There are 2 protein chains.
Amino acid sequence: MSAPLDARLYGVGLGPGDPDYITLRALKVLQRADRLAHFCKRGRRGNARTIADAVVAPDPAREIALAYPVTTEIPADHPDYAAALGPFYAESAARIAAEVEAGRTVAVLCEGDPFFYGSFMHLWRRLAARFAIEVVPGVTGMSGCWTRAGAPITWGDDILTVLPATLGRNELEARLRGADAAVVMKLGRNLPKVRAALAAAGLLERATYVERGTMAGERICPLRDKADDAAPYFSMILVPGLGRRV
Amino acid sequence: MSAPLDARLYGVGLGPGDPDYITLRALKVLQRADRLAHFCKRGRRGNARTIADAVVAPDPAREIALAYPVTTEIPADHPDYAAALGPFYAESAARIAAEVEAGRTVAVLCEGDPFFYGSFMHLWRRLAARFAIEVVPGVTGMSGCWTRAGAPITWGDDILTVLPATLGRNELEARLRGADAAVVMKLGRNLPKVRAALAAAGLLERATYVERGTMAGERICPLRDKADDAAPYFSMILVPGLGRRV
């Protein structure tokens with residue numbers, strides 16, 4: 001049934017966290033690739049690699065850990081962020097290219113879907129002209145979250161708006177005012193700002209908070225029951241649409 | 001690794017079309033459920049059932065075909081549409097409830113992700129209070145399409161706007177004007193209207209047309225190369241974002 005592994009580089013979406021949501025194609029690539037690369041914080045195992053634990057045992061000879069020089073210490077719109085991340089992605093791409101050129105297949109493990117806010121995209125744009133790359137789409141984190149929350153997100157002609165919480169307060173409010181259904185991602189320390197924008201847009205009562213959706217430590221509650229202390233990176237807010245029920 | 005099948009009713013996302021993008025959980029449910037239900041046009045096999053062919057052989061004793069009384073003959077915002085579809089979903093829910101009450105597990109096969117514009121939601125809202133339902137999230141059609149198009153959709157702080165092509169011309173234009181990244185779904189006969197809205201919003205040159213993404217007969221081209229004749233139901237337009245490249 002499955003196509004052969006004929007690319008040399010793979011960007012593999014592993015889904016929202018529960019390893020049961022890995023696809024058949026991702027499983028095959030994980031089992032067969034010579035090298036398994038993943039992004040992580042320095043000194044910590046990356047979440048994508050942890051998701052894959054259920055299907056591929058750790059094997060030091062296969063692993064390539066790409067450790068970010070910075071993560072949330074510098075805001076992503078600060079010049080220092082690009083100054084630090086640009087060389088990091090260039091170096092990571094060179095490291096992977098060297099493996100491929102040595103004749104090895106490399107799978108880059110990605111949370112969710114690689115082409116939806118994925119770090120892999122920064123490797124892909126540097127390497128796509130050099131090598132055949134197969135991207136394996138994955139179940140997004142937001143699909144995992146609305147599934148576990150029992151919150152069908154879009155009905156009928158609902159428009160879905162997906163917003164990074166890193167946007168400014170006024171931009172968030174304006175976008176939420178026009179939204180039918182909304183997902184606010186990358187919460188972290190932005191939760192108080194997002195809550196204020198949701199309240200101003202009249203959406204607070206419809207908002208559900210999901211932390212670590214589909215993973216160990218999952219927490220789901222109405223946003224009004226979640227305190228404004230920091231939310232983890234793997235948290236988001238869902239505002240299901242009110243579109244046509246038939 | 002996998003949780004037991006302890007619910008009695010399942011809404012199973014099968015992904016965008018290529019059976020390799022079925023998840024491990026969906027595979028397990030397909031293999032074990034007593035009944036496999038799917039929506040279809042009258043006299044035709046449903047696309048969700050076709051996706052599952054690669055992993056579960058047709059078996060008349062297991063199959064439940066839920067044939068829509070109308071599909072695209074009546075616009076979805078016309079009163080006759082709800083008048084026809086409401087009783088159909090109620091009857092379908094009753095048919096499935098009878099199976100569950102007779103002690104059988106039922107899997108409802110869904111294209112893409114069940115909680116993202118899914119017909120299954122109309123069964124779910126009728127049955128969720130009566131039975132334990134497990135929903136298995138799937139890779140969305142849009143993830144499949146942007147993957148095959150080689151078009152990473154959202155970068156940095158890009159906002160993603162997902163629009164049904166069934167919206168009015170002016171609403172489409174207004175939403176597209178404010179979009180960073182956009183996906184326009186449910187094209188069908190709406191293609192000329194969507195093209196006009198994209199042109200007015202200055203996005204025509206960035207738009208990619210994807211027909212039957214990840215399936216047999218897949219076609220991907222710049223929208224400018226696609227004629228305004230009807231597009232099939234399984235087609236969409238992608239406008240990738242221009243956000244932060246690091």
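Visitor: What makes Glu211(B) a residue without a salt bridge?
Guide: This is a predicted model, in which local features need pLDDT of at least 70, side-chain atom pairs count only at pLDDT 80 or more, and totals for chains, interfaces and linings use all residues. Side-chain values use heavy atoms, without hydrogens and water, residues are numbered from 1 along each chain as its sequence is written, and chains are lettered from A and ligands numbered from 1 in the order written. A salt bridge needs a side-chain nitrogen of Lys or Arg within 4 Å of a carboxyl oxygen of Asp or Glu. For Glu211(B), which is buried (under 20% relative accessible area), the nearest side chain of opposite charge is Lys226(B), 4.0 Å away, and no salt bridge is found.

Visitor: With which side chain does the side chain of Glu211(B) make a polar contact?
Guide: The partner is the side chain of Tyr209(B), at 2.4 Å, and a polar contact asks for N or O atoms within 3.5 Å, one able to donate a hydrogen and the other to accept it.

Visitor: Why is strand β7 of chain A called mostly covered?
Guide: In this strand, residues 181–185, five of its five residues are buried; Ala181(A), Val183(A) and Met185(A) point one way, and Ala182(A) and Val184(A) the other.

Conventions: Buried < 20%, exposed > 50% of the residue type's maximum accessible area, 1.4 Å probe, protein only. Lys, Arg positive; Asp, Glu negative; His and termini not counted. Helix = DSSP H or I, 4+ residues; strand = E, 2+ residues; numbered from the N terminus.
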